[in-house]
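Please open the structure in your viewer and keep the selection tool at hand.

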Amino acid sequence: MRRYLPSLSALHAFEAAARYMNFTRAADDLGLTQSGISRQIRNLEEFLGATLFHRSGPRLVLTETGANYYRNLALTLDRLEEISIDAVRGRSVDSSLIIGTHPTLASRWLPERLGSFIGSYPDIPLEIMPAMPSTDFETTRLDVAILRGAGTWLHGRSIELFPELLAVVSSPALIPPGSKLDPLQFAEFPLLQNAGRPSLWLNWLRLAKLSYSGRIQGTRFAHHEMIINAAIHGLGLAVVPTLYIRNEIASGQLHMPFGEPVRSDDSYYLVYPERKSHNPNVIVFRDWLLRSLRKTQPK
């Protein structure tokens with residue numbers, strides 16, 4: 001009997017549109033035109049006999065049927081991708097551990113710790129992928145994630161690892177180490193802005209209990225990695241989490257001219273989907289990471 005299945009192209013178009021909630025971004029992602037995405041979704045709706053999207057003013061909104069269909073489709077496409085990869089690499093995805101985290105944390109904090117895990121568990125292949133605080137833990141293919149946030153993720157279980165500490169840093173070329181400066185003198189220097197976290201300067205002022213009503217502006221960079229490099233080259237002052245710059249502080253490439261770090265409202269958490277809470281590799285990684293942090297963090 002012929003299977004009751006829509007075309008894979010229509011499914012890809014719908015999954016991308018539902019993920020971005022935007023036909024234009026879905027089209028860019030799949031290399032199609034916006035009209036092509038609309039046509040594929042219209043064909044899918046006709047095939048299913050159901051409306052998947054409707055518009056609320058300028059916003060695109062999933063119907064209840066569309067939302068349920070998207071959740072199940074995302075899981076199915078992930079599984080299809082996994083078994084296809086398995087066929088190529090000759091091992092089951094269940095034997096590996098897929099770890100997601102912010103790209104800067106993945107490049108600066110995670111690698112120096114993973115050597116211990118790989119040495120202790122050489123039979124667990126690792127895959128490191130980017131992940132953001134908005135990760136949907138009902139549909140993600142990640143096994144675990146290390147994310148910054150307040151500790152609550154829908155369909156995810158979280159364990160606090162350590163608090164986020166923020167500091168204003170400078171290169172020695174911009175402000176010589178040992179300079180006696182009042183914290184509010186930060187405004188006398190060029191400032192670097194983080195487009196991904198535009199409120200960092202305001203958060204630092206609030207957390208440091210400083211009253212400042214002037215404008216805060218400066219060159220904007222997309223993420224922490226860019227900002228750290230810009231600060232090292234003396235382009236301005238930057239507010240950054242200290243866990244990203246331990247090596248630069250230790251080597252003297254950067255220093256903290258306005259005092260010790262302040263604790264932000266967020267912490268870093270280990271998060272994993274509820275449906276994977278009994279996955280043996282997830283349990284092994286969770287327990288290893290917690291043991292590792294207990295050894296390295298101050299009492």
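Is R148 buried, partly exposed or exposed? R148 is partly exposed, because its relative accessibility is 22%; buried means under 20% relative accessible area, exposed over 50%, and partly exposed in between, with a 1.4 Å probe and protein chains only. Before going on, note that this is a predicted model, in which local features need pLDDT of at least 70 and side-chain atom pairs count only at pLDDT 80 or more, while totals for chains, interfaces and linings use all residues. Residues are numbered from 1 along each chain as its sequence is written, and side-chain values use heavy atoms, with hydrogens and water left out.

**Stop 1: salt bridges**

Select D266 together with R148. Their side chains form a salt bridge with an N to O distance of 2.8 Å; the term denotes a side-chain nitrogen of Lys or Arg within 4 Å of a carboxyl oxygen of Asp or Glu. This pair connects distant parts of the chain, 118 residues apart: D266 belongs to strand β10 (residues 262-273) and R148 to strand β5 (residues 144-149). Helices (H or I, at least four residues) and strands (E, at least two) are DSSP runs, numbered from the N terminus. D266 counts as buried, because its relative accessibility is 18%.

Next, select E160 and R263. In this salt bridge the closest N and O atoms are 3.7 Å apart.

Then select R206 and D265, whose side chains meet in a salt bridge at 2.5 Å, N to O. R206 is in helix α7 (residues 200-207), whereas D265 is in strand β10, 59 residues apart. R206 is partly exposed at 44% relative accessibility, whereas D265, at 55%, is exposed. A further selection, E15, R19 and D29, shows a network of salt bridges. The count for the model comes to 13 salt bridges.

**Stop 2: the sheet**

Select the strands in the order β4-β3-β5-β10-β6-β9. They make up an open sheet of 6 strands with mixed pairing; two strands pair if DSSP finds at least two bridges between them. The edge strands, β4 (126-130) and β9, each pair on one side only. On average, neighbouring strands are turned by 25° against each other, direction ignored. Within β9, V239 is the bridge partner of V168.

**Stop 3: helices on the sheet**

Select α7, which packs on the sheet by touching β6, β9 and β10, and whose direction makes about 120° with that of β10. Contact means heavy atoms within 4.5 Å; axes are lines fitted to C-alpha atoms, for helices over the stretch in contact, and angles run from 0 to 180 degrees between N-to-C directions. Which residues of α7 are buried? They are L200, W201, W204, L205 and L207. Their packing partners are β6, β7 (191-194), α8 (224-232), β9 (238-241) and β10. Helix α10 (residues 280-296) lies across β3 (97-101), β5, β6 and β10, at about 40° to β6.

**Stop 4: a loop**

Finally, select G196, in the loop between β7 and α7. G196 is exposed, because its relative accessibility is 54%. Leaving aside residues up to four places away in sequence, G196 touches F221 and A222.
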